[in-house]
Amino acid sequence: MTKRGKNVLFVSMLLTLTIALGGCAGDKEAKDSNVVEQSQTADTGESAQSADAETEADADSHITIGIPQDLDSLVPSLSQGAGTQEILFNIYEGLIKPDSDGNLIPAVASDYTMSEDGLTYTFTLRDGIKFHTGNDVTVADIKYSIDTCAGLNGGEPVISAFSNIQSVETPDESTVVITLQEPSSSFLAILATVEAAIVPADAEDLQTNPVGTGPYRFVSRSLQENVILERFDEYWGEPANIKNITLKVLADSDSIVMNLEGGAVDMVARVTATQAAELGDDFEVLEGTMNLVQAVYLNNAAAPFDNELVRQALCYAVDKQEILDFVSDGKGTPVGSSMFPAFGKYYIEELSDLYATDIEKAKELLEEAGYPDGFSFTMKVPSNYQQHIDTAQVVAEQLKQIGVTAEIELIEWETWLSDVYQGRDFEATVVGLDASTLTAGAMLSRFQTDAHNNFINYGNEDYDTAYANELAAEAASDDEKATEYYKECETILAETAANVYIQDMCELVAIRKGYAGYEFYPLYIQDFSKLYITQ
């Protein structure tokens, strides 16, 4: 058995060996080809662990945080939106979880080992760890949770990658053994996601009464209004600093500044540059990167976007830098495929220049495709994400230059999930897709022809072959070949103009002075336990 330390470099492991859906899915950059480091955290002055900060974590401490939509599910394995999973991160934990530096750290498990052949993982249950009910976590709870995600309790796997799990065994009261059918370099990353959280085997209704092991416990929820959390004082790890948290749903992005300035909320992540500029001296604005791919995602099965020439024409007509300048004062990083810079060696920077803005070329392609006079289509955009609304507006103006009319239809987030993401009833949409596990595979697997989350209906035999080759290379632990095939997948997406790729977006976090401790993660996460009161 090969011993794994308690502080494995999560991102380094994944990027060496190898994001979920986000309405927008912190600042990270590749220090080298194998390591992603956090480049920006809140300027907290004195440490959150200072004596002064600790004394503020009293029974009455409270913060109200604005969130752009209500949670789509309180059941971790059924959660879909990154905006939901980043909140559930505070309530639930898996056997292991990521920290803000990208390290894989113990959570429900205190330690683990992996067999030499990469097929067997043996986890040790943490002593004395409790659920929010006060009940001890048992190996039976762990087996139930993993079996459910893998479909071993009956039904289809809830997490598709867990279909690789052959068995989950509990040889004694503190040991869980997970055996895979094939080696997988991304298995630990997937095991660390919110979806793979450990829940009680006897839980009756997690949707109305979520029970986890995280630093905060669920108190109540008012649909479309708020979610109330409270510090879990029996938490096994470093206790949260602030006792009470109110998550206030701000579905109307136009109300964000008013709610901040009026005192209704104390913090909002992912404000726009315009909103940040409107805030007074009572606020700090922290800057990071979202680690996602924002694009005009096109339904490749719907005319005229079933025509590759049309998709390429749109790519040539869009000016990415103009979008960045308008939406975020030039902040953000242009991208050219479904991969963002934090992935280091997997990211192909040159693809962002594949379709340098060329209006005449775009017109020629439209004429060749049979649309000399252009056409009209509708972009369905989530109404609670101002960055995507702003982006859609700029794109619509740019497309007028080639005779294409893009109508913008604002829809609620829940409608976006049901109609666009699940129902695939759309022509085009503007959102950001993240890698829920920060693996390259999470970004690219969704574009396989038969992938359950291939909501753009992309179908390309060469792509399917390249991705299958990547999986084979990964199973054989051939990192060089796997990297080669990942890049081939990215190139195919770009050359066939699967979508109109735009940027990895800048993330701005507005936080009221008097609060500090916000940390950017290399995943779509908000860790409320690190926040503290300074005055």
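Student: What lies over the face of W236, and at what distance from the ring centre?
Tutor: A charge sits over a ring if NZ of Lys or CZ of Arg is within 6 Å of the ring centre and within 35 degrees of the ring normal. R126 lies over the face of W236 at 3.8 Å from the ring centre, and R270 lies over the face of Y524 at 4.0 Å from the ring centre. Keep in mind that this is a predicted model, in which local features need pLDDT of at least 70 and side-chain atom pairs count only at pLDDT 80 or more, while totals for chains, interfaces and linings use all residues. Residues are numbered from 1 along each chain as its sequence is written, and side-chain values use heavy atoms, with hydrogens and water left out.

Student: Why is the pair of Y371 and F375 given the name it has?
Tutor: Rings of Phe, Tyr and Trp (its six-membered ring) pair if their centres lie within 6.5 Å, and planes under 30 degrees apart count as stacked, over 60 as edge-to-face and the rest as tilted. The centres of Y371 and F375 are 5.4 Å apart and their planes stand at 65 degrees, so this pair is edge-to-face. By this rule the count comes to 22 aromatic pairs. One of them joins Y121 and F187, which are tilted, with 4.9 Å from centre to centre and 50 degrees between the planes.

Student: How do you know whether Y371 is buried, exposed or partly exposed?
Tutor: Buried means under 20% relative accessible area and exposed means over 50%, with partly exposed in between (1.4 Å probe, protein chains only). Y371 has 24%, so Y371 is partly exposed, whereas F375 has 10% and is therefore buried. D60 has 70%, so D60 is exposed, and N453 has 14%, so N453 counts as buried.

Student: With which residues is N453 in contact?
Tutor: Contact means heavy atoms within 4.5 Å. Leaving aside neighbours within four places in sequence, N453 is in contact with Y421, R424 and R446.

Student: Which strand is joined to β19 by 7 bridges?
Tutor: Strands (E, at least two residues) and helices (H or I, at least four) are DSSP runs, numbered from the N terminus, and two strands pair if DSSP finds at least two bridges between them. Strand β20 (residues 405–411) runs parallel to β19, with 7 bridges joining them, and S376 stands opposite T405 in β20. Strand β21 (residues 428–434) also pairs with β19 in the parallel sense, over 2 bridges, where T429 is the bridge partner of K380. Strand β19 itself (residues 376–382) is mostly covered, since 5 of its 7 residues are buried.

Student: What makes β19, helix α11 and β20 a unit?
Tutor: They make a right-handed β-α-β unit, with α11 spanning residues 386–399. A crossover is right-handed if, with the strands pointing away from the viewer, the path from the first strand over the helix to the second runs clockwise.

Student: Which residues touch the most other members of the largest nonpolar core?
Tutor: A nonpolar core is a set of buried Ala, Val, Leu, Ile, Met, Phe, Trp, Tyr and Cys residues joined through side-chain atoms within 4.5 Å. The largest has 71 residues, and F162 and I178 touch the most other members. Helix α4 (residues 139–150) gives the largest share of this core, 5 residues. Apart from this core lies another of 43 residues, among them A82, L292, I411 and M505.
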